[in-house]
Amino acid sequence: MDSLIHLMHGFGTALDPMNLAFAAIGVLLGTAVGVLPGIGPALTVALLLPITFKLDPGGSLIMFAGIYYGGMYGGSTTAILLNTPGESASVVTALEGNQMARRGRGGPALATAAIGSFVAALIATAGLAFFAPILVKVAVKFGPWDYFGLMLIAFVTVSATFGSSPLRGLTSLGIGLWLGLIGIDQLSGQTRLSFGVPNLLDGIEVTTLAVGLFALGEALFVASRHLFNDEKPMAIKGSIWMSREDWKRSWKPWLRGTLVGFPIGALPAGGAEIPTFLSYTMERKLSTKPEEFGQGAIEGVAGPEAANNASAAGTLVPLLTLGLPTSATAAVMLAGFQQYNLQPGPLLFVQHPALVWGLVASLFIANVMLLVLNLPLVGLWVRLLKIPLPWLYAGILVFACMGTIAANPSVVELMMLVGFGFLGFLMRRYDYPIAPVVVGLILGPLADSQLRRALQMSLGDPMILLQHPGSASMIAIATLALIAPFLFKGLARFRQDED
Amino acid sequence: MTYLRSGLASAWLMAAAAILPLSSAHAEDLEISIIAPAGAGGGWDSAARSLQDVMMKTGNAHSVQVMNVPGAGGTVGLAQFVQGAKGSPDQMLVGGITMVGAIITNKAPYNLSNVTPIARLTGDPLVVVVPASSPYKTMADLMEGIKKDVAHTIWAGGSAGGADHILAALVTQAAGVDPAKVNYVAYSGGGESLAAMLGGQVTAGVSGYGEWQGQIESGDLRALAISYPEPIEGIAAQPLKAQGIDVELVNWRGIFAGPELADADKAVLETAVQKTVESPEWKELIKAKGWSDYYAPSAEFTSFIASEDARVHGVLKSIGLAE
């Protein structure tokens, strides 16, 4: 109840015309940088920090939060339309979203992403307001063994979900895990597989891999087939708005995505990637039309997009209550707090209630603004798809290269992009799924570090993974998920034999 | 006020110009670019952007640009800087103790003797903490625990070979135990290791004081000691030295210019940075950021780097991260 009164006061702060203006600037900037390649919300906030130094802390923090939420909306637009995920969190959105766009259903894809983001952010922000103090107590109890268990689940489900067979999925995952080994090992400080190339010391950039595999690989694949059959530009079929069936198929994934995204985002090492992949897997399993997955199933956009935005709100839980940034943007926002001599942490809610609750309230407002801003834009965006295919793909190639150069100005990075493009082409040609490679690169190093941390704490005893109930049950789930399909297959064959 | 400030600034500039008649550039039309060899939001990025802000505000430079070149503890940025800023009068690089360690552990092709130290800027204390529920009440208790069972004394802190790791090794050594045996669990930055501290998964933790200030003040973490040589106003925890443990370590940050810099150009940059650091705006800014002033001019900074390099190398060798 106390929270509710505070939140009401917070709305009082947030509805101040100046603060409303700051929120509006924030969401506009955020959407813009989300759509543009190479510039992420983290860099934008960092660039604005010195400018906002003289402003009132409340106003500029509200603007930063607007940029953060706006970037999350904007990132999905390029993923759906151009198959060019701007950040690792929208990799999954590109899977079904781009398939929908290519089948003339870009409008509903963008709409379900925007509305799903809105619903998820709304619920998750409410969760932030009411459950932050409780959630954070649970989150810090999450030890390295538990993280390792969670990542095992992600590995197994992802490689079993994508691709025509688990073996192909696991092969792709293996490539990703290998790529993830490259660079300086966090725990020992030693270099692995960098072959003396300094640009490889920090490992392979996720967006370079994702853009190379998805956008470049796709463009090469389309070009190779273009020789044989003439393709027409993607026509827009049906309404650009969501049909009644689209709504029916979207609302449950939105809610499920939120449920997955918020708690994992609130974990100090959770991030936005695991929940989007888990949500995709879940929707594929629960869908009444699983055969549509890979061909543009709306659930595959609705769920992960909701999970993505819910996890963005989730990362604010450890930021505000512990002073613990779990994403690049959150780290820059922490610097923003510190520039006003505010230390996020357990005392922030007590010492500066007006500021914190003003921020939470303005997240609600920013969210409404984003929906109002994004829905009318859908009509404009889908017109992009009317461009003839060769032109569109040439544009995608330029866009992808520019984005990579803007984020990482080096020749090595560009060469890697091209290399991954060819890898993506070959994998498409020989029917290997692409998403597990990206998952392997993102989660591989994390799982590696968490497992070794756990073993370091137990002085090398692997039983520690089974002694903690959390990790033990997650490892059991992962094992079941891996073995069950084979068992069922065997069982089915056994029954057939009996007949 | 602004009028007065700009009047003062131009007076300084005139004085500087009088002293340095041969200088090829004047502070008033200095157009500098600073490389922050880390991503946006970190300590180096924040130091570079603060310097940018105050240099322009105080008129010690006409324009300042900050570029982020992240990677490998700053060694990627350093390599790019050594190659690209040779003799350049208008390019600078931010660096610090972490870079000294990273150069050694990564066997980087260039080190800080390849660049021209301009000034040491800030120095922050590290803090040694235990969870609130820990049986250790004082630093002496922790030292006792290390002596008894070094393997089960699990430390949490930032990346391997960084300042946090070095302090844990130095403390272990001071307890009379082989520092190679220190059980140090590396996390990416103070955030993740904080969660491990609050979750009670580790025995003790090391981080910059500022990063954990909130938890120390709220009582979630117990600060046992700081690594600064002297007590700091507003910090209750006492220096290790004052507690009879002969260890000191300061997380310093400084600014460098390119290799083979002409003396006159070096003097211009030195004066511009010195004037900036002496300004009330800088004092106000570092107070707001919770940093400590650790200014040292070029000559002193150069010999300081040499001694830090030798010391860090020694520690990294003892924990098996360097040859």
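Reader: Why is A:F130 called partly exposed?

Author: In this predicted model, A:F130 has a relative accessible area of 32%. Buried means under 20%, and exposed means over 50%. The value of 32% lies in between, so A:F130 is partly exposed.

Reader: Where is A:F130 placed?

Author: A:F130 sits in helix α6 of chain A.

Reader: What makes A:F130 part of a nonpolar patch on the surface?

Author: A patch takes residues with over 30% relative accessible area. A:F130 has 32%, so it passes that cut-off. Phe counts among the nonpolar side chains, which are joined within 5 Å. The patch consists of A:L4, A:F130, A:F131 and A:I134. Together they have about 360 Å² of accessible area.

Reader: Which helix gives the most to the nonpolar patch?

Author: Helix α6 of chain A, residues 106-140, gives the most, with 3 residues.

Reader: Why is A:S194 called buried?

Author: The relative accessibility of A:S194 is 9%. Buried means under 20%, so A:S194 counts as buried. A:S194 is in the loop between β2 (191-192) and α9 (206-226) of chain A.

Reader: What does A:S194 touch, not counting residues up to four places away in sequence?

Author: A:S194 touches A:L200 and A:L201.

Reader: How do you know that B:S227 is buried?

Author: B:S227 has 0% relative accessibility. The cut-off for buried is under 20%, so B:S227 is buried. B:S227 also lies in a loop, between β8 (221-226) and β9 (250-257) of chain B.

Reader: Which residues does B:S227 touch, leaving out those up to four places away in sequence?

Author: B:S227 touches B:P125, B:L126, B:L167, B:L240, B:V247, B:E248 and B:L249.

Reader: How much of chain B is buried?

Author: Buried residues make up 59% of the 323 residues in chain B. Chain B has 11 helices and 10 strands. Its accessible surface comes to about 12400 Å², and 53% of that belongs to carbon and sulfur atoms.

Reader: How do the axes of helix α9 and helix α10 of chain B meet?

Author: The axes of α9 (residues 263-278) and α10 (residues 280-289) of chain B come within 4 Å. They cross at roughly 65°. B:T276, B:V277 and B:E278 of α9(B) make the contact with B:P280, B:W282 and B:K283 of α10(B).

Definitions and conventions: Residues numbered from 1 in each chain as written. Chains lettered and ligands numbered in written order. Predicted model: local features only at pLDDT ≥ 70, side-chain atom pairs only at ≥ 80, totals over all residues. Heavy atoms only, no water. Patch = residues over 30% accessible without salt bridge, like charges linked within 9 Å, V, L, I, M, F, W, Y side chains within 5 Å. Areas by Shrake-Rupley, 256 points an atom, 1.4 Å probe, with all protein chains shown as cover. Salt bridge = Lys/Arg side-chain N within 4 Å of Asp/Glu carboxyl O. Helix = DSSP H or I, 4+ residues; strand = E, 2+ residues; numbered from the N terminus. Buried < 20%, exposed > 50% of the residue type's maximum accessible area, 1.4 Å probe, protein only. Axes fitted to C-alpha atoms, helices over the stretch in contact; angles between N-to-C directions. Contact = heavy atoms within 4.5 Å.
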